[in-house]
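Dear colleague,

I am passing on the structure below, together with notes on what turned up when I went through it. Please read the notes with the coordinates open.

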Amino acid sequence: MLRCMEECVRRYGQVNSTETTKNTDSIEKPNEDRFLRKMSHLLIKYAIVALFLIIYGATGNVSSAGPVVYDKDLEYESPLDQEHTMYLKWGLDNSERRIVFQVYAKIAPDDWLAFGFSDYGESFNADLFLFWTDVDGGHHFQDTYSDRTGILHVDKNQDFDLLEADTRPGRVHIPKILLAKEETPGGYVILTFQRKWDTCDSNDYIIDSGTTHVIFFTGTGPINAIEGMNVTSHMPGLQRLQLLKSPIHPPKFPPDTKMFEMLVENVPIPAKETTYWCRTKKLPKITEKHHIIQFEGVISHDSIGIVHHMEVFHCEVPPDEEIPHYNEPCPGEGSSMKPWMQRIGSCRRVIGAWAMGAGPFWYPEEAGYPIGGADFSRYVMIEVHFNNPTLKKGIIDNSGIRFYYTPTMRPHDAGVMELGLEYIDKMAVPPHVEDFELEGYCIPKCTKVGLPRNGIHIFGSQLHTHLTGKRVVTKHYRDGVELPELNRDNHYSPHFQEIRILHSPVHVRQGDELITTCTHNTMSRPNITFGGFAISDEMCVNYIHYYPKSKLEVCKSSIATDALEKFFDTAKRLDDRVISPMKVVSKSYKSVRWDRVTTNLLEAFYMKEPISMQCNQSDGHRFPGHWDDSEIPKITHPLPTPLRHCPP
């Protein structure tokens, strides 16, 4: 009993139902030490409350507690739906490898709520808790999972730990954004609970630093039981978030910090599920060089939950060149492609980005992104992705990105480098393939000539594919020895792209190798998918943010032309059909009969045959040297599979 009480106190000690309510509108920086000290101070005070909760949690029953007290350590938050009937806050306890969640759900007193995670937002093979009401009015909170057919089962390991529940109707201590959306007092259920990142339960989802697909359902109650319920009959809500944020803290702003915003203006959000809106604008006039030190999203109030992600692209043109005014759906998104629109193709260098659930992106104190000066073009293009699945009408948007910049120069200019694959049709993905890997190489020969003598320090990364991408990873090698990964997203979504601050900076030296691997799923595509710029084409890129800025701007590869000709010759011998000559690569690919044999053959050629390197300087020219028919370096010492923190 004593051991149980100690464990209960450890798990529930931070819950405080009698302390004065904290200001939910304040913003504070994370402080894990303060969080742990607070927990220790509350151990004895809440032992009895904790024991009560664990006793009732064992049976699945929930008591209606007092109002939830907002804890400043729950520093992250995001709406889960555009109607604001679901809202999420969360905080990280890195030492215990756990997350504390707080879910706000506007549901009727007898309704049930499911919340959890799945690989890509499916309702099957999902890890869920269910909060439900029985016919006698009793509340239950149970850890469950759905099988591959969507049938719900109560998990024998109850790893979702309920800390506190407020089930009383009326206005409780809810975020200001929800109050602003409410025309009349509503009934929000507030559930505060915690879970380990990795519970070591085969039925549970492993939360990592990549994208997490958060799903939720609601249904009409009361109900008698949840075992055997089929959740596929309910359309899940979906939100993509990065739950495990970087623990690194941002530096303080210098006193001369200035700010500007790049926003779209009075955009009527179309009543369609997906829209990409583009607008060209000019930056403020900055006559001397400054450093951008942070940027963050600015979201119109009525657009919260609909604005999904945004990017600001700098137009890489001479300072005296004019970029045409553009303010409509992005080319290829329903607008007619006029010849002059090709000029906005120069607006490709990302200088700011935001995605739902993301906080500010900041530069380390050693570096800032250079902006302004006589040789700097003022033109940028803003791209906003509207996700409007309920086809709302009448919303006017003025969202964008806010930049902080300073004339106080930091020691280094930050740079952005492209890793991965060239955007050309030599790289392609066959149809009807569930997992097809493409690898883009930044070989040692290129980093040796392109990086400064002391190397570079990578602090941020933006992974990028188009619609078939499902997993992306960039690995780091030195002399054939694999080092810790640069970035990985096991559940990547092309609909959730943000620049992420790495959990620890990565030092890349001259002669190191970086390999970016993208896994694609083309099961729904009847024809081959080519590399290219269109959204129906594919990409495999990692935009890395680093310092000090180097001359190397592009370090990407494609299969060598001779090697690709060998593939088509081999495919021709396997099939009686005529394979088109290599003069037109896309026709050659289209003439292949794609089956398991030819698909595996192409993947093997991509992984083993020589490559052509784009080891490019900022002016677009390659560094001097022979870059065609380069050999792929051999990996002699791969890293072992990471150990899980599981009991024996």
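His 432 lies in the loop between strand 27 (428-429) and strand 28 (436-442), where strands (E, at least two residues) and helices (H or I, at least four) are DSSP runs numbered from the N terminus. This is a predicted model, in which local features need pLDDT of at least 70 and side-chain atom pairs count only at pLDDT 80 or more, while totals for chains, interfaces and linings use all residues. Residues are numbered from 1 along each chain as its sequence is written, and side-chain values use heavy atoms, with hydrogens and water left out.

Backbone geometry

Although His 432 is not a glycine, its phi is positive, at about 60°. Asn 125, in the loop between strand 5 and strand 6, also has a positive phi without being a glycine, here of about 50°. Asn 125 is partly exposed, with a relative accessible area of 48%; buried means under 20%, exposed over 50% and partly exposed in between, with a 1.4 Å probe and protein chains only. Two cis peptide bonds deserve a look as well: one runs from Gly 221 to Pro 222, with omega near 0°, and another joins Tyr 547 and Pro 548, with omega of about -10°. Pro 222 sits in the loop between strand 11 and strand 12 (237-241), and Pro 548 in the loop between strand 35 (540-547) and strand 36 (552-559). As background, most residues other than glycine have a negative phi, and most peptide bonds are trans.

Of the 7 residues of strand 6 (residues 127-133), 7 are buried, so the strand is largely enclosed by the rest of the structure. Asp 127, Phe 129, Phe 131 and Thr 133 point one way from strand 6, while Leu 128, Leu 130 and Trp 132 point the other way, and all are buried. In a regular strand the side chains alternate between the two faces of the sheet. Strand 6 runs antiparallel to strand 5 (residues 112-118), to which 5 bridges join it, and Phe 117 stands opposite Asp 127 in strand 6; strands count as paired if DSSP finds at least two bridges between them. Strand 7 (residues 139-146) is also antiparallel to strand 6, with 7 bridges between the two, and Phe 129 stands opposite Asp 143 in strand 7. Strand 6 and strand 7 form a hairpin with 5 residues between them, and Gly 137 in the turn has a positive phi of about 90°.

Salt bridges

A search of the whole structure finds 21 salt bridges, each being a side-chain nitrogen of Lys or Arg within 4 Å of a carboxyl oxygen of Asp or Glu. In one of them Glu 96 pairs with Lys 196, the closest N and O atoms being 3.8 Å apart. Glu 96 lies in the loop between strand 3 (86-93) and strand 4 (98-106) and Lys 196 in strand 10 (residues 188-196), so this pair ties together parts that are 100 residues apart in sequence. Glu 96 is partly exposed, at 30% relative accessible area, and Lys 196 is likewise partly exposed, at 35%.

The side chains of Glu 316 and Arg 349 meet in another salt bridge (3.3 Å, N to O). Because Glu 316 lies in the loop between strand 17 (307-315) and strand 18 (327-329) and Arg 349 in strand 19 (residues 347-355), the pair ties together parts that are 33 residues apart in sequence. Salt bridges that share partners also join Glu 261, Glu 296 and Arg 402 into one network.

Contacts across the sequence

Thr 199, in the loop between strand 10 and strand 11 (212-219), is buried at 17% relative accessibility. Thr 199 and Cys 646 are 447 residues apart in sequence, yet their C-alpha atoms are 7.7 Å apart in space. Lys 392, in the loop between strand 22 (379-387) and strand 23 (396-397), is partly exposed at 22%; Lys 392 and Gln 82 are 310 residues apart in sequence and 9.5 Å apart in space, C-alpha to C-alpha.

Best regards
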